[in-house]
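Please read it alongside the sequence and the model.

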Amino acid sequence: PDGYLSINSGTSYVHIVTWEGERLVARLLVANGQSADPASGHRDDQLGLFATKQLFTPPFSEAEIAADPALKTLSLRE
């Protein structure tokens, strides 16, 4: 009656980009986790962050990405 449709679900991906001094900072969150597989440990791995209004700050610059201990590379060839 107020002009709004029924909302059946909410935001599942949040991405915020800001500046801190001269540095671009990205913060993000996948509220429902990083996997749709119910057996995966990543199914709801970010739900706690979402519930407590915390965002993940991923490595952004080439140096930060290279320094990430979880970095994995994959080379594809045709």
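## Strand pair and loop residues

In the pairing of the strands, Val14 stands opposite Leu29 of β2. The model is a predicted one, in which local features need pLDDT of at least 70 and side-chain atom pairs count only at pLDDT 80 or more, while totals for chains, interfaces and linings use all residues. Residues are numbered from 1 along each chain as its sequence is written, and side-chain values use heavy atoms, with hydrogens and water left out.

Strand β1 (residues 13–20) and strand β2 (residues 23–30) run antiparallel and are joined by eight bridges; strands (E, at least two residues) and helices (H or I, at least four) are DSSP runs numbered from the N terminus, and two strands pair if DSSP finds at least two bridges between them. The hairpin of β1 and β2 has two residues between the strands, and Gly21 takes a positive phi near 65 degrees there.

Gln34 lies in the loop between β2 and α1, whereas Lys53 lies in the loop between α1 (47–51) and α2 (62–67). Exposed means over 50% relative accessible area, buried under 20% and partly exposed in between, with a 1.4 Å probe and protein chains only.

| Residue | Relative accessible area |
|---|---|
| Gln34 | 54%, exposed |
| Lys53 | 78%, exposed |

Although Lys53 is not a glycine, it has a positive phi of about 60 degrees. Leaving aside residues up to four places away in sequence, Gln34 touches His42, Arg43, Asp45 and Gln46, where contact means heavy atoms within 4.5 Å. Between the C-alpha atoms of Gln34 and Leu47, which are 13 residues apart along the chain, the separation is 9.9 Å.
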